Amino acid sequence: LNYAHTWEIAYDHMPEVFTKRAPMEEWIKWRDFRFEEELRLWGLHIDFYMEDGAQYWIPFDFERNGQSPFPFYNDSHKPWPRDYHCQFDIDSCVPVAIVSYERLRHPDYGPG
């Protein structure tokens, strides 16, 4: 999406989604450099739902594009505040289903 910061720019680049790939050696460098941080972020994402919307990011993070600096709460701030949307827009942020990619793609168990 060409690092779009507006809906209009992102929409203009939608036909390009999944049409380009970085050279494998560049991706491997990125993967190796970012591995620990990406793993940590996935853990925080899982915690968000398992803890009913635990807001792990600090609210002045307005762009939400993952670029540094990207401030997060740490364990000393616990309990973390609940996400605004989990409190006021929807009933709950607790997971209600588990989706298995393998089962979803399976001809007998998938959506058919």
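Helices (H or I, at least four residues) and strands (E, at least two) are taken as DSSP runs and numbered from the N terminus. The two residues form a salt bridge in which the closest N and O atoms are 2.8 Å apart, a salt bridge being a side-chain nitrogen of Lys or Arg within 4 Å of a carboxyl oxygen of Asp or Glu. The model is a predicted one, in which local features need pLDDT of at least 70 and side-chain atom pairs count only at pLDDT 80 or more, while totals for chains, interfaces and linings use all residues. Residues are numbered from 1 along each chain as its sequence is written, and side-chain values use heavy atoms, with hydrogens and water left out.

The chain contains four helices and zero strands, giving the pattern α-α-α-α when read along the sequence. Of its 112 residues, 18% count as buried, where buried means under 20% relative accessible area, exposed over 50%, and partly exposed in between (1.4 Å probe, protein chains only). The accessible surface of the chain amounts to about 10000 Å², and carbon and sulfur atoms account for 59% of this area; accessible areas come from the Shrake-Rupley method with a 1.4 Å probe, and for residues only the protein chains shown count as cover. When contacts between residues at least 6 apart in sequence are considered, 47% join residues at least 24 apart, contact meaning heavy atoms within 4.5 Å.

Seven salt bridges are present in the structure. Another of the salt bridges links E37 and R40, with the closest N and O atoms 2.9 Å apart. These two residues are also members of helix α2, and their spacing of three residues corresponds to about one turn of the helix. E37 is partly exposed at 28% relative accessibility, and R40 is partly exposed at 37%. A salt bridge also joins the side chains of D32 and R31, at an N to O distance of 2.9 Å; R31 is partly exposed, its relative accessibility being 34%. Side chains of opposite charge can pair when their charged atoms come close.

The largest nonpolar core comprises 12 residues, namely L41, L44, F48, A54, Y56, W57, I58, F72, Y73, W80, C86 and C93. Helix α2 (residues 24–50) supplies the largest share of this core, three residues. Such a core is a set of buried Ala, Val, Leu, Ile, Met, Phe, Trp, Tyr and Cys residues joined through side-chain atoms within 4.5 Å. In soluble globular proteins, nonpolar side chains tend to be buried together.

The bond connects C86 with C93, with an S to S distance of 1.8 Å, and both cysteines are buried. Because the torsion about the S-S bond is about -90 degrees, the disulfide is left-handed.

D83 lies in the loop between α2 and α3 (84–88) and counts as buried because its relative accessibility is 10%. Leaving aside residues up to four places away in sequence, D83 touches F48, G53, Q55 and W57. I46, by contrast, is partly exposed at 49% relative accessible area and is placed in helix α2. The C-alpha atoms of I46 and P95 are 9.7 Å apart, although 49 residues separate the two in sequence.

Backbone geometry was examined next. Most residues other than glycine have a negative phi, and most peptide bonds are trans. K78 and P79 are joined by a cis peptide bond, with omega about 5 degrees; P79 belongs to the loop between α2 and α3. D52, placed in the loop between α2 and α3, has a positive phi near 55 degrees and is partly exposed, with 23% relative accessible area. F18 has a positive phi near 65 degrees and lies in the loop between α1 (7–12) and α2.

F18 is exposed, since its relative accessibility is 84%. Together with W7, Y11, M14 and V17, F18 makes a nonpolar surface patch of about 660 Å². Patches consist of residues with over 30% relative accessible area and no salt bridge, like charges being joined within 9 Å and nonpolar side chains (Val, Leu, Ile, Met, Phe, Trp, Tyr) within 5 Å.

Note on methods: Disulfide = S-S within 2.5 Å.
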